[in-house]
Amino acid sequence: MNTKTELLRQTDMARSCGVSLSAFQRWHVKPVEKIGRCLYYSAGDVVGNRLEAQEARLREQAESQGFDRAGRIARLKLVQAQAENQELKNAELKKEFALIALIEWVLGSVGPQIAAILESIPMKLKNRNPKLSATNIHLITREIVKCQNVAAQVNVDLD
């Protein structure tokens, strides 16, 4: 164990560290020995205590900076979302795009009208030109059905 010559009294240790006695006491360094009323400290214990305190301060700083960084990132995402939302509103006011519900409504109302016109083509051709054979009318009808099938299979990914 340590001998008395390697240990310093509390007042001498505080003076050698360049701090007041009350500041040294706030460091809560554990004494190595107590002889009478005098507390004795080793320089290694004091240095270890100061290193631990410095590491704790650095950890707290890093954690607080981490929270600050997370807060800044969250604010940045919020500002970006608000800017994007404003751009969408501006584009809608300029009539540069339409809402999906409006597009669905328009296509839903135009689609049946187009289908009705396509279905009436073979009969109109037969009425205007009675010399057309049933084979020709059948070919025309088949092409119209192909067109209707292609239109029915259109898949628009609006996402």
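## Helix α1 and Q10

Q10 is placed in helix α1. The model is predicted: local features require pLDDT of at least 70, side-chain atom pairs count only at pLDDT 80 or more, and totals for chains, interfaces and linings use all residues. Residues are numbered from 1 along each chain as its sequence is written, and side-chain values use heavy atoms, with hydrogens and water left out. Helices (H or I, at least four residues) and strands (E, at least two) are DSSP runs, numbered from the N terminus.

Is Q10 buried or exposed? Q10 is buried, at a relative accessible area of 17%. Buried means under 20% relative accessible area, exposed over 50%, and partly exposed in between (1.4 Å probe, protein chains only). Residues up to four places away in sequence aside, Q10 touches L21, F24, Q25, L39 and Y41. Contact means heavy atoms within 4.5 Å.

## The sheet

Three strands make an open sheet. Their order is β1-β3-β2, with antiparallel pairing. Two strands pair if DSSP finds at least two bridges between them. The edge strands, β1 (7–9) and β2 (33–35), each pair on one side only. From one strand to the next, the twist averages 35°. Helix α1 (residues 10–17) packs on this sheet and touches β1 and β3. The direction of α1 makes about 100° with that of β1. Such angles run from 0 to 180 degrees between N-to-C directions, and axes are lines fitted to C-alpha atoms, for helices over the stretch in contact.

β1 and β3 run antiparallel and are joined by three bridges. L8 stands opposite Y41 in β3. Three bridges also join β2 to β3 (residues 38–42), again antiparallel. Here I35 faces C38 in β3 as its opposite residue, and K34 has L39 as its bridge partner. The hairpin of β2 and β3 has two residues between the strands. In that hairpin, G36 takes a positive phi near 65°.

## The nonpolar core

Which residues make up the largest nonpolar core? The seven are M13, A14, F24, W27, V29, Y41 and V46. A nonpolar core is a set of buried Ala, Val, Leu, Ile, Met, Phe, Trp, Tyr and Cys residues joined through side-chain atoms within 4.5 Å. A14 contacts V19, S20, L21 and F24, leaving aside its neighbours within four places in sequence.

## Positive phi outside glycine

H28 is not a glycine, yet its phi is positive, about 55°. H28 lies in the loop between α2 (21–26) and β2. H28 is exposed, with a relative accessible area of 63%.

K95 sits in the loop between α3 (43–93) and α4. K95 is exposed too, with a relative accessible area of 72%.

## Packing of α4 and α5

Helix α4 (residues 100–128) packs against helix α5 (residues 134–152) at an angle of about 170°. Their axes are 10 Å apart. The two helices are therefore roughly antiparallel to each other. Angles under 35 degrees count as roughly parallel, over 145 as roughly antiparallel, 65 to 115 as roughly perpendicular, and the rest as oblique.

On the α4 side, the contact involves A115, L118, E119, I121, P122, L125 and K126. On the α5 side, I137, I140, T141, I144, C147 and Q148 meet them. The residues of this contact divide into nine nonpolar, two polar and two charged. Here Ala, Val, Leu, Ile, Met, Phe, Trp, Tyr, Cys and Pro count as nonpolar, Asp, Glu, Lys and Arg as charged, and the others, Gly among them, as polar.
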